[in-house]
Amino acid sequence: KPADQILVKVTCSEPDLLSVFAQDVVMGTSGGGRATSSSYLSSGASGGMSNAYGYTITNDGYVVLPSIGKVHVAGLTTVDAAKTIEEKIKQVNHISDPGVTVNLLNARVAVLGAVKSPRVVSLTSERNTVLDVLSQCGDIADTGLRQKIKLFREVEGQRMMYEMDLTKSNVFESPGYYVQQNDLIYVEPNKSQRIKSSAFYTFWTAGATIISTLATVTSMIFLIKNN
């Protein structure tokens, strides 16, 4: 998606050809700002050389590679993005035997509500499920409803909400089952917890305490007078 940060790793058998990827490039979304990051040259597993470089996807869905140009990657998986970049490198005849891998650098999901440890969870792959994310938050709290899981997602500029019931087998068919970058998961608390968290419950509890205290004081005064 636009604004995602990805790591593009290129390998080939001729290390001199990889030096072009170590140049600073213009990255980021609209605003024309210039951003740079370090490149990393290392020996490849097959005896060749590899170069890894971080890029930010622009608002119109492209990454800009030095000497290669703009490559449209928005809407692709990391595997498909790698194939697209690899084909682009071949088209410009820069490297005859490129190998490309792409990884997300900033994939995160926020988890709120009735979980044991609300937090922002970093995704380790594109196949992370809502269950994987909840487990990293210590699972749903005792006050949480497994039948009331809401996932909020931005799809083509529109906010979408998917409701899931983790006790039903059809949860695997939900568009929200596999989480995506910038999703927000909310676990709804049960009714008793909502009541305890309400202003009315706080007022009622405080009022009951005051009444109980007054009753105790009144009883003591009554006993003193009788004595």
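What follows is a chat about the fold, the pockets and a few residues.

Biologist: First off, what kind of model is this?
Modeller: This is a predicted model.

Biologist: OK. How many helices and strands are in the chain?
Modeller: The chain has four helices and eleven strands.

Biologist: And what share of the residues counts as buried?
Modeller: Of the 227 residues in the chain, 32% are buried.

Biologist: What about contacts between residues at least 6 apart in sequence, what share of them joins residues at least 24 apart?
Modeller: That share is 58%.

Biologist: Where does E188 lie, and is E188 buried or exposed?
Modeller: E188 is in strand β11, residues 184–189. E188 counts as buried because its relative accessibility is 17%, and the cut-off for buried is under 20%.

Biologist: Let's switch to pockets. How much space lies in the largest pocket?
Modeller: About 530 Å³. Its lining is made of 22 residues, and K1, L76, T77, E126 and Q180 are the ones nearest the centre.

Biologist: Which elements give two or more residues to that lining?
Modeller: For the largest pocket, those are α1 (78–91) and β6 (99–104).

Biologist: And what's the lining of the largest pocket like by class?
Modeller: There are 13 nonpolar residues, six polar and three charged in the lining of the largest pocket.

Biologist: How about the second largest pocket, how much space is in there?
Modeller: About 280 Å³ for the second largest pocket. The lining there has 13 residues, with K1, E154, V155, E156 and G157 nearest the centre.

Biologist: Which strand gives the largest share of the lining of the second largest pocket?
Modeller: Strand β9, residues 144–155, with three residues.

Biologist: And by class, what does the lining of the second largest pocket have?
Modeller: Seven charged residues, four polar and two nonpolar in the second largest pocket. K1 turns up among the residues nearest the centre of the largest pocket, and also among those nearest the centre of the second largest pocket.

Biologist: New topic: aromatics. How many aromatic pairs does the structure hold?
Modeller: Two aromatic pairs. In one of them, the ring centres of F172 and Y177 are 5.2 Å apart and the planes sit at 80°, so that pair is edge-to-face.

Biologist: And why is the pair of Y177 and Y178 edge-to-face?
Modeller: Because the ring planes of Y177 and Y178 are at 80°, and over 60 degrees counts as edge-to-face. The centres of the Y177 and Y178 rings are 5.2 Å apart.

Biologist: Which residues form the aromatic cluster?
Modeller: F172, Y177 and Y178 form one cluster.

Biologist: So where do those three stand on burial, starting with Y177: buried or exposed?
Modeller: Y177 is buried, with a relative accessible area of 8%. F172 counts as exposed at 51% relative accessibility, while Y178 is partly exposed at 32%.

Biologist: What does T129 touch, leaving out residues up to four places away in sequence?
Modeller: T129 touches Y177, Y178 and V179. T129 itself is in the loop between β8 (119–122) and α2 (130–136), and T129 counts as buried at 8% relative accessibility.

Biologist: Where does N182 lie, and is N182 buried or exposed?
Modeller: N182 is in the loop between β10 (158–164) and β11. N182 is exposed, with a relative accessible area of 56%.

How values were computed. Residues numbered from 1 in each chain as written. Predicted model: local features only at pLDDT ≥ 70, side-chain atom pairs only at ≥ 80, totals over all residues. Heavy atoms only, no water. Buried < 20%, exposed > 50% of the residue type's maximum accessible area, 1.4 Å probe, protein only. Contact = heavy atoms within 4.5 Å. 1 Å grid on protein atoms, 1.4 Å probe; cavity = no way out; pocket = protein on both sides within 12 Å on 5 of 7 lines; lining within 4 Å. Points joined across faces, edges and corners; volume = space filled by probe spheres on them. Nonpolar A, V, L, I, M, F, W, Y, C, P; charged D, E, K, R; others polar. Phe/Tyr/Trp six-rings, centres within 6.5 Å; stacked < 30°, edge-to-face > 60°.
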